[in-house]
Amino acid sequence: MELLDWDAFLTPYKQAVEELKVKFKGTREQYQKTSLHTPIEFVTGRVKPVSSILNKAARKQIPLEQLADKMQDLAGVRIVTQFVEDIDKVIELMRARSDFEIISERDYIQKKKPSGYRSYHLILRYPVQMIEGEKKVLVELQIRTLSMNFWATIEHSLRYKYSGEIPEDINMRLQRAAEAAFWLDEEMSIIRDEVQEAQRIITAKQQQSR
Ligand code: 0O2
């Protein structure tokens with residue numbers, strides 16, 4: 001695939017990421033206008049950089065002509081929640097939507113990865129309106145708590161720095177940090193009602209003073 005083609009190839013993926021970010025941020029705003037706790041803390045998204053696509057394609061022996069079908073995270077959107085329980089709510093919201101089709105789900109929370117990684121992944125087939133007609137692209141939606149996101153972000157940087165070969169002593173610390181992140185989620189779940197009550201009071205006050 002020539003350099004010039006990457007831009008054209010990735011255009012529908014960029015469009016999908018931007019649209020889904022707007023939509024999910026809109027869901028958060030809708031929650032904020034109610035007295036309900038919002039299960040969405042923040043939303044991010046990215047299109048995989050070409051260098052990462054090439055690395056992953058080489059690692060997984062994916063021919064470039066098959067990228068659209070075989071590399072499911074060319075477009076990635078992430079929904080970050082406060083509590084583990086919010087993840088179930090977000091999954092429920094996603095399953096009820098009609099603007100995309102969920103084609104697979106991976107639960108790395110019930111069954112964490114050997115690295116310690118925890119997150120819930122959905123692969124979506126999302127229709128993008130292009131000038132040449134509708135094009136359906138795959139999007140990986142990652143749903144995780146703030147705590148899971150903190151750990152994964154740090155681990156991702158270290159994996160990048162050490163090209164996947166993280167030294168044993170740092171790996172040991174990362175495993176311990178993964179356990180600490182798990183316990184943080186557990187502890188926060190226990191005081192969830194208290195926290196949500198406090199947040200409701202703060203939001204109501206902020207809305208009154210507007
Ligand atoms: P980037 O830079 O985020 O784009 P598999 O062979 O099944 O493990 P696959 O098919 O790519 O891998 O799917 P999977 O496991 O669902 O992983 C897709 C993405 O999830 C990764 O993309 C990461 O974003 C995240 N992820 C998966 N495992 C880990 C992990 O151990 N640590 C961290 N920090 N993130 C993880 P990429 O392509 O790896 O990277």
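Which residues does Ala 16 touch, not counting residues up to four places away in sequence? The legends below take up this question and several others for a predicted model.

**View 1. The surroundings of Ala 16 in the predicted model.**
Leaving out residues up to four places away in sequence, Ala 16 touches Ala 75, Tyr 126, Val 128, Val 137 and Val 139. In soluble globular proteins, nonpolar side chains tend to be buried together.

**View 2. The whole chain, shown for orientation.**
The chain has 7 helices and 5 strands, and from the N terminus on its elements follow the order α-β-α-α-β-α-β-β-β-α-α-α. The C-alpha trace spans about 55 × 50 × 30 Å along its principal axes, and 24% of the 210 residues count as buried. Of the contacts between residues at least 6 apart in sequence, 64% join residues that are at least 24 apart. The mean pLDDT of the chain is 94, with 98% of its residues reaching 70 or more, and the model scores ipTM 0.92 and pTM 0.93.

According to the UniProt annotation "domain: RelA/SpoT", which comes from an unreviewed entry, the domain covers residues 45–166. The end C-alpha atoms of residues 45–166 lie 26 Å apart, and this span is 34% helix and 34% strand.

**View 3. The shell around the ligand.**
Which residues surround the ligand? They are Lys 48, Ser 52, Lys 56, Asp 73, Arg 106, Lys 113, Ser 115, Tyr 117, His 121, Ala 152, Glu 155 and His 156. Sorted by class, this shell has 6 charged, 4 polar and 2 nonpolar residues. At least two residues of the shell are supplied by each of α2 (50–59) and α5 (146–161), and the largest share, 3 residues, comes from α5.

**View 4. The loop between α2 and α3, with Gln 61 and Pro 63.**
Gln 61 is found in the loop between α2 and α3 (67–70), and the place of Pro 63 is in the loop between α2 and α3 as well. Phi of Gln 61 is near 50°, a positive value in a residue other than glycine. Is Gln 61 buried or exposed? Gln 61 is exposed, because 7 other C-beta atoms lie within 10 Å. Pro 63 is likewise exposed, with 8 other C-beta atoms within 10 Å. The C-alpha atoms of Pro 63 and Trp 6, which are 57 residues apart along the chain, are separated by 15 Å.

**View 5. Ser 163 in the loop between α5 and α6.**
Ser 163 is found in the loop between α5 and α6 (168–190), and its phi is near 45°, a positive value in a residue other than glycine. Because Ser 163 has 8 C-beta neighbours inside 10 Å, it counts as exposed.

**View 6. Arg 46 in strand β1.**
Arg 46 lies in strand β1, which covers residues 42–47, and counts as partly exposed because it has 15 C-beta neighbours inside 10 Å. Leaving aside its neighbours within four places in sequence, Arg 46 is in contact with Val 17 and Gly 76. Arg 46 and Glu 18 are 28 residues apart in sequence, and their C-alpha atoms are 8.6 Å apart in space.

**View 7. Arg 192 in helix α7.**
Arg 192 lies in helix α7, made up of residues 192–208, and with 16 C-beta neighbours inside 10 Å it counts as partly exposed. Once its neighbours within four places in sequence are left aside, Arg 192 is in contact with Phe 83 and Glu 85. In sequence Arg 192 and Glu 85 are 107 residues apart, while in space they are 9.3 Å apart, C-alpha to C-alpha.

Conventions: Residues numbered from 1 in each chain as written. Predicted model: local features only at pLDDT ≥ 70, side-chain atom pairs only at ≥ 80, totals over all residues. Near = placed C-beta within 6 Å. Helix = DSSP H or I, 4+ residues; strand = E, 2+ residues; numbered from the N terminus. Nonpolar A, V, L, I, M, F, W, Y, C, P; charged D, E, K, R; others polar. UniProt positions renumbered as here; feature names shortened; annotations may be inferred. Buried ≥ 20, exposed ≤ 12 C-beta atoms within 10 Å, placed from the backbone. Contact = placed C-beta atoms within 7 Å. pLDDT = per-residue confidence, 0-100.
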